[in-house]
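Here's a quick tour of two interfaces, one inside a chain and one between chains. Have the structure open as you read.

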Amino acid sequence: MVLKVFFPSCCSSADSGILIGRWISEQNSAVILAVVHFPFIPVQVKQYLGEVQRVTKVSVSVLGSWSNSKQEKEESLSEFLEDLGTIFCHEPWIQISKEGDSKFWSCSILQKHSKNPQEEEIILVYYDQRKVMLSHLHPPLDTAGQRAEDASKLSAIFDTVARSQVLFMTDRYDEGPIKLTHWQSDGVEASIIVELLKQASVPACMLLTFLLSLLSGICRSRGLKFWPLSFLWSKLSTCEQLGHRLQHLQVISSNKKAQNQNQLMRKANIFVSLLIDVALGILLMSWLYRKNRIGHLADTLIPVADHVAEELQDLLQWLMGAPAGLKMNRALDQVLGRFFLYHIHLWISYIHLLSPFIEMILWYVGLSACLGLTVALCILSDIIALLTFHIYCFYVYGARLYCLKIYGLSSLWRLFRGKKWNVLRQRVDSCSYDLDQLFIGTLLFTILLFLLPTTALYYLVFTLLRLLVVIVQGLIHLLVDLIDSLPLYSLILRLCRSYRLAAGVKFRVLEQQDGKPLRLLMQINPLSYGGVVQTYRLPTYSCYPRDSWASLCKKLFLGELIYPWKHKGDKQN
Amino acid sequence: MAEERRFLSASGVPIALRRRQHSASCRELAVRGPRLQLRSLSAATSAVWLAAYGLFALCENSMVLSAAIFITLLGLIIYLHFVKIDQESLLVIGSLGIQVTSAYASGKESTTFIEMGQVKDVVINEAIHMQKVIYYLCILLQDPEDPQAVSEVVPLFQSSKPRLDCLIEVYKSCQEILEQRKTAPQSS
């Protein structure tokens with residue numbers, strides 16, 4: 001069998017000593033964690049290893065000896081190293097020796113109780129200890145959770161190094177009986193800023209939790225639960241977005257430490273996303289309020305609403321004439337046209353009533369953009385919804401009229417053929433009608449049929465307008481979703497410290513020499529950007545199309561009201 | 001220990017197979033496709049610029065020319081970095097795994113490492129593509145729940161598409177190493 005030795009590249013220039021690490025017998029591989037230098041007392045080494053084993057739950061033991069001789073090989077040293085094998089009995093005992101500055105080391109194994117005395121091939125794999133310790137191995141995205149553990153043998157190696165962090169805490173300046181060499185042996189790394197932030201974050205979190213509990217208490221108070229207000233809150237997307245952000249703040253400000261990598265990354269992603277959102281919102285706000293742009297916006301709002309209303313009036317005049325050369329039923333045409341024209345007239349009057357207050361309202365509403373760019377976009381979407389409310393009303397009128405007509409037509413068509421809808425059995429049954437029933441039914445059927453084109457045309461025009469508005473709102477919500485769910489911290493981590501997010505490893509074959517073991521360099525293969533987004537996406541209250549294309553077309557044909565975007569948490573109707 | 005032989009790909013372009021034996025249980029097989037020719041690059045660039053100049057002569061807007069230069073540069077960068085694969089290599093390390101690398105013309109390398117425990121076998125498969133029957137080498141991955149079933153098929157050398165003679169060489173090299181794991185005593 002082939003023996004694999006994972007050697008940390010930081011120990012390549014260490015002085016002679018013994019190797020400590022973990023022996024994984026199922027894979028026939030030895031993961032070397034550090035080198036213990038002479039002089040040492042074997043009993044103290046065993047004690048130290050026992051303590052480390054207790055704390056880290058990793059079975060660390062003495063695996064072999066390491067000799068780095070700057071001069072010619074000394075015979076006495078090699079005998080001494082073999083004798084060490086009897087003191088720290090470990091099967092197999094690995095002996096690695098390096099001569100001078102040579103890249104090619106010789107590696108041999110001593111097996112006392114070997115069943116097959118044949119020569120084992122040795123593969124020497126160098127790894128960067130710091131990167132492997134900090135990295136998090138991601139299982140392939142399409143495997144189920146429980147398969148991931150036994151699928152990857154490499155995760156055992158990553159696990160071993162990551163959990164042995166306490167071993168790397170002693171550096172060579174410590175006054176202890178054991179002298180180790182590992183990646184941190186030149187001095188433990190720490191950052192003052194990080195430590196200060198950690199200390200400052202505890203009271204900040206407590207303050208934030210207190211404020212948030214106050215805020216959620218106010219939101220849940222009885223005063224805001226009355227029917228008109230609660231209906232309004234549920235319809236405005238701004239309130240949903242604010243609630244969503246409140247939830248995020250609660251996640252960040254909780255005092256519990258993150259249990260595992262996923263939770264930690266989630267918290268970090270939410271924090272960075274909130275920060276960027278607020279920064280962009282403040283940028284937008286400063287741009288809007290400079291040179292009084294918001295005043296200009298308010299001034300152009302009323303003319304735009306007027307313009308939209310005028311266009312609608314022109315459209316209705318066109319429909320009341322002979323639209324696209326089609327001949328409408330004059331009477332019905334005039335009735336519908338005048339009804340909708342009166343509606344527009346009412347709407348314009350309301351807008352003009354509001355016009356002196358628009359600037360002030362817009363000025364104060366614009367201030368809320370400092371809560372984040374997503375809130376500003378949601379406000380924009382709500383303003384569009386409010387301004388095009390008359391289009392929504394027209395759509396509902398047209399749809400209801402058309403729907404009634406279609407139902408009437410289908411039921412009278414059944415009567416025309418002598419059939420009836422059996423409500424009990426939910427099917428069409430034959431039925432014998434009286435003569436006068438048949439006469440009236442046929443008459444009504446004819447009337448409805450010939451009035452169908454007019455109603456259908458009005459319905460078509462207003463449905464198209466409504467769909468246009470829905471598409472614009474949908475696009476804005478898509479953008480808000482994107483900002484909400486993008487894991488910015490993970491993406492920046494993948495850009496700057498790509499070894500932290502590992503999809504796997506890659507091996508590079510180093511220079512070889514005959515007779516020496518195979519030398520490989522193990523590097524971390526980072527996760528692709530698409531993989532990062534897929535793994536660490538933040539969950540949102542996303543809106544996605546509720547109906548498939550087929551059911552949407554069916555609803556349009558029958559005249560049922562369509563609400564194309566479904567929000568998570570909506571009850572199915 | 002490194003030998004290079006010339007073959008033809010499925011579409012007729014000349015490719016080179018390089019075999020290196022690093023040790024008894026480690027082999028590297030690399031298939032190199034033809035490099036980007038200066039001829040085709042100049043031809044594509046001149047065609048785009050002629051078209052842009054014709055458009056400029058029609059509409060007298062100099063933005064067309066700068067847009068053409070920008071598009072050419074962007075297109076070249078995207079082609080070199082994401083599309084043109086120079087070399088595909090297979091590194092088989094017995095008892096560790098199989099590593100598949102694709103090296104792009106811009107120097108980017110995309111690597112996948114498959115552990116030996118997941119590899120069931122390396123086989124040559126036949127596929128019917130449009131009107132042709134092509135052969136391709138692939139790695140069969142084992143299903144952890146069912147030792148007899150295959151959970152995934154990973155095709156190799158997809159952009160250089162070597163023909164059967166080249167594939168047979170690669171197949172023989174791989175099988176020599178894969179057999180070692182069957183003869184060696186399993187320890188668990």
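What follows covers the ground rules, then each interface in turn.

## Ground rules

This is a predicted model, with local features needing pLDDT of at least 70, side-chain atom pairs counting only at pLDDT 80 or more, and totals for chains, interfaces and linings using all residues. Residues are numbered from 1 along each chain as its sequence is written, chains are lettered from A and ligands numbered from 1 in the order in which they are written, and side-chain values use heavy atoms, with hydrogens and water left out.

## Inside chain B

Chain B splits into domain 1 (2-36 + 84-183) and domain 2 (38-82), with bounds from an automatic or database domain assignment. Their C-alpha centres sit 37 Å apart. On contact (heavy atoms within 4.5 Å), 6 residues of domain 1 of chain B meet 5 residues of domain 2 of chain B.

Together the two domains of chain B bury about 680 Å², 59% of it from carbon and sulfur atoms; buried area is the accessible area (1.4 Å probe) that two parts lose on being put together, summed over both. On the domain 1 side, B:L36, B:K84 and B:K108 lose the most area, together 69% of what that side buries.

## Chain B against chain A

Here 25 residues of chain B are in contact with 23 residues of chain A. The buried area comes to about 1,900 Å², with carbon and sulfur atoms giving 57%. As for salt bridges (a side-chain nitrogen of Lys or Arg within 4 Å of a carboxyl oxygen of Asp or Glu), the rule finds 0 between chain B and chain A.
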